[in-house]
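This report goes through one protein structure. Please keep the sequence and the 3D view open while reading.

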Amino acid sequence: MTAWMVRTGHGPAHPNSGRRGTAGREDDAKSRGRGVSRVPGLLAGTAALLTLACGVGVAHGAGGGEPAPGGHGAPAAGSAQGPGGGGDPSRTDEVAAAGTGSWMRAAGVFSPPGSFVPSDALTYDTRLVPAGARIEVTQLADPSGTRVGARLRGLVPDRAYGMHVHTSPCGADPAAAGPHYQHRPAATADPVNEVWLDFRTDEEGDGRAEALHGWGFREDGARSVIIHDRQGGAGERAACFTVPFGPHGQG
């Protein structure tokens, strides 16, 4: 059975893992120095992306056509969908606007930085996030707040992962995604002021998470999700996916 985790209440506060010079931060330098074999992951990621580029992959993201987290399946009238930016053939984005609200879904396939076929989903540790693993992120936004959902496939079975929304797009350097997105600037990280999507995978390596908040993202303020090697406010950056999050009422 796929695991769900909903973060809506108060949790323990931790130093904001994206802020340098603060105790409890993510150790980006350690992430970059990790002794991971890049060649097998590189080849596996390239093979997975080439498969999708040839039209064999899932047309509407990692979900395989199932309803998105939170019960939001097909986009509403006035929607637009297509490949994401950056020339990533593995990526599918969908955006729909209705009245004062909006719905977004972005999906991709993880590949190590520098793969022959570029990807907006990058794995920095192929032991934790194998090349070819899939991710789908959804956002439902309206004036009352924001619901962010995530669904992942192909990770390590029966393992806990941390995941948060970050401020900048992914890059070859795990630190490129910047710190956690915060509703109000703060020195500590917590699931009320930030979007935490911690999850545990099932026996097949699949996982889900969802976060609900009564506030929305600032314009261009939230640009990615980072998967961490452990749950909570800090942890090493194992993977990153660039996501086109939007503010209230905009697609």
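## Overall make-up

The model is predicted, not experimental. The protein contains two helices and 14 strands. Of its 251 residues, 51% are buried.

Among contacts with a separation of 6 or more, 70% are between residues 24 or more positions apart in the chain. The accessible surface amounts to about 10100 Å², and carbon and sulfur atoms account for 55% of that area.

## An open sheet of five strands

Five strands make up an open sheet, and their order across it is β6-β14-β13-β9-β11. The pairing in this sheet is antiparallel. The edges are taken by β6 (121-123) and β11, each of which has a single partner strand, so one side of each has no neighbour in the sheet.

## Strand β9 and its partners

Strand β9 covers residues 160-166. Six of its seven residues are buried, so the strand is largely enclosed by the rest of the structure. In the sheet order, β9 sits between β13 and β11.

Toward β13 (residues 224-228), β9 is joined by five bridges, and the two strands run antiparallel.

## The disulfide

A disulfide is a covalent bond between the sulfur atoms of two cysteines. The protein has one disulfide. The bond joins Cys 170 and Cys 240, with 2.0 Å between their sulfur atoms. Cys 170 belongs to the loop between β9 and β10 (188-189), while Cys 240 belongs to strand β14 (residues 237-242). The two cysteines are 70 residues apart, so the pair links distant parts of the chain.

The angle about the S-S bond is -85°, and the link is left-handed. Are the two cysteines buried or exposed? Cys 170 has a relative accessibility of 18%, so it counts as buried under the 20% cut-off. Cys 240 is also buried, because its relative accessibility is 1%.

## Aromatic side chains

A pair of aromatic rings is described by the distance of the centres and the angle of the planes. The protein has five aromatic pairs. One of them is formed by Trp 215 and Phe 217, whose ring centres are 6.3 Å apart. The planes of these two rings stand at 75°, so the pair is edge-to-face.

Both members of this pair are buried: Trp 215 has a relative accessible area of 12%, and Phe 217 has one of 4%. Which residues make up the aromatic cluster that includes Trp 215 and Phe 217? The cluster consists of Tyr 181, Trp 215, Phe 217 and Phe 245.

Note on methods: Residues numbered from 1 in each chain as written. Predicted model: local features only at pLDDT ≥ 70, side-chain atom pairs only at ≥ 80, totals over all residues. Heavy atoms only, no water. Buried < 20%, exposed > 50% of the residue type's maximum accessible area, 1.4 Å probe, protein only. Helix = DSSP H or I, 4+ residues; strand = E, 2+ residues; numbered from the N terminus. Pairing = 2+ DSSP bridges. Disulfide = S-S within 2.5 Å. Contact = heavy atoms within 4.5 Å. Areas by Shrake-Rupley, 256 points an atom, 1.4 Å probe, with all protein chains shown as cover. Phe/Tyr/Trp six-rings, centres within 6.5 Å; stacked < 30°, edge-to-face > 60°.
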